[in-house]
Amino acid sequence: PQAPSPVYAQEAISVQEEDTYDVAFLSTTAPLPTTQKATILDGIKSSLPWLSSILNPNGTINILSGTYDLGLDHVIGDKPECSNAPQNSTGICTLLHKCPKVYPELKNEQVYQKFFCDLNGYAGVCCPKEENKN
C-alpha cells in the first residue's frame, strides 16, 4: 500500500478591480490556549500575590495610570528602552510575565508602578537589559 499524498493548504488572494490585491496579514503566533494562559496567570499571581487585588476578570489590571492588559498571549515586537528598571538601571519595557527576575523587587502595587511602562495598552515592566527575554 502506498502512503497518502500530503495535503497542502492553499492561500487565497482575492483579485479586485484594477488588479489590486486584498491580502489579510496574519499574526505569526497563534493565541495561547485558555488553559496555558491560566497557567501563566497562576504563576504570576503566585509570585506577586498583590496582583489579585488589581486584576479584573477579563485579564486586565487597574493601576493609577489606567487599565492595562497583561498580554499573556501576545508577543510585543517593538520594546522601547526605559530608565526606571530596578537598581536605578536602564532596561527594556517588557511584558510583566516575560521578566520574572524583577518579581522579588515588586513587593506591592506601588513598587510595581515605579517600574511600570506602557506597551501600547499592555502592562509592562522596565526589565533590566541582562534579563530581557523575547
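Visitor: How much accessible surface does the protein have, and what share of it belongs to carbon and sulfur atoms?
Guide: The accessible surface comes to about 9100 Å², with 52% of that belonging to carbon and sulfur atoms. Areas here come from the Shrake-Rupley method with a 1.4 Å probe, and for residues only the protein chains shown count as cover.

Visitor: Ground rules before we go on?
Guide: This is a predicted model, where local features need pLDDT of at least 70 and side-chain atom pairs count only at pLDDT 80 or more, while totals for chains, interfaces and linings use all residues. Residues are numbered from 1 along each chain as its sequence is written, and side-chain values use heavy atoms, with hydrogens and water left out.

Visitor: OK. How many helices and strands are there in the protein?
Guide: There are 2 helices and 8 strands. Both are DSSP runs numbered from the N terminus: helices are H or I with at least four residues, strands are E with at least two. Going from the N terminus, you read β-β-α-β-β-β-β-α-β-β.

Visitor: And what percentage of the residues is buried?
Guide: Buried residues make up 34% of the 134. Buried means under 20% relative accessible area, exposed is over 50%, and partly exposed is in between (1.4 Å probe, protein chains only).

Visitor: What share of the contacts join residues at least 24 apart?
Guide: Taking contacts between residues at least 6 apart in sequence, 61% join residues at least 24 apart. A contact means heavy atoms within 4.5 Å.

Visitor: Let's do cysteines. How many disulfides does the structure hold?
Guide: It holds 3 disulfides, each being a pair of cysteine sulfur atoms within 2.5 Å. With the bonded cysteines numbered in sequence order, the pairing is 1-5, 2-4, 3-6.

Visitor: What does C82 form a disulfide with?
Guide: C82 pairs with C126, and their sulfur atoms are 2.0 Å apart. C82 is in strand β5 and C126 in strand β8 (residues 122-128), so the bond ties together parts that are 44 residues apart in sequence. Both C82 and C126 are buried.

Visitor: Is that disulfide of C82 and C126 right-handed or left-handed, and why?
Guide: The torsion about its S-S bond is about 105°, so the C82 and C126 disulfide is right-handed.

Visitor: What about C93, which residue does a disulfide join it to?
Guide: C93 is joined to C117, S to S 2.0 Å. That pair links distant parts of the chain, with C93 in strand β6 and C117 in strand β7 (residues 116-119), 24 residues apart. The torsion about this S-S bond is also about 105°, so the C93 and C117 disulfide is right-handed. C93 and C117 are both buried.

Visitor: Then which cysteine is C99 joined to?
Guide: C99 goes to C127, again S to S 2.0 Å. C99 sits in the loop between β6 and α2 (109-115), C127 is in strand β8, and they are 28 residues apart. The torsion about the S-S bond of C99 and C127 is about 80°, so this disulfide is right-handed. C99 counts as buried because its relative accessibility is 0%, and C127 is buried at 0% too.

Visitor: β8 keeps coming up. How many of its residues are buried?
Guide: In β8, 7 of the 7 residues are buried, so the strand is largely enclosed by the rest of the structure. Both faces are covered: Y122, G124, C126 and P128 lie on one side, A123, V125 and C127 on the other.

Visitor: Which strands do bridges join to β8?
Guide: β6 is joined to β8 by 5 bridges, running antiparallel, and β7 is joined to β8 by 4, also antiparallel. Strands pair if DSSP finds at least two bridges between them. G124 is the bridge partner of L95, and C117 stands opposite G124 as well.

Visitor: Last one: which residues lie nearest the centre of the largest pocket?
Guide: Those are K37, L41, N58, G59 and L72, out of 15 lining residues. Helix α1 (residues 34-47) gives the most to the lining, with 4 residues.

Notes
1 Å grid on protein atoms, 1.4 Å probe; cavity = no way out; pocket = protein on both sides within 12 Å on 5 of 7 lines; lining within 4 Å.
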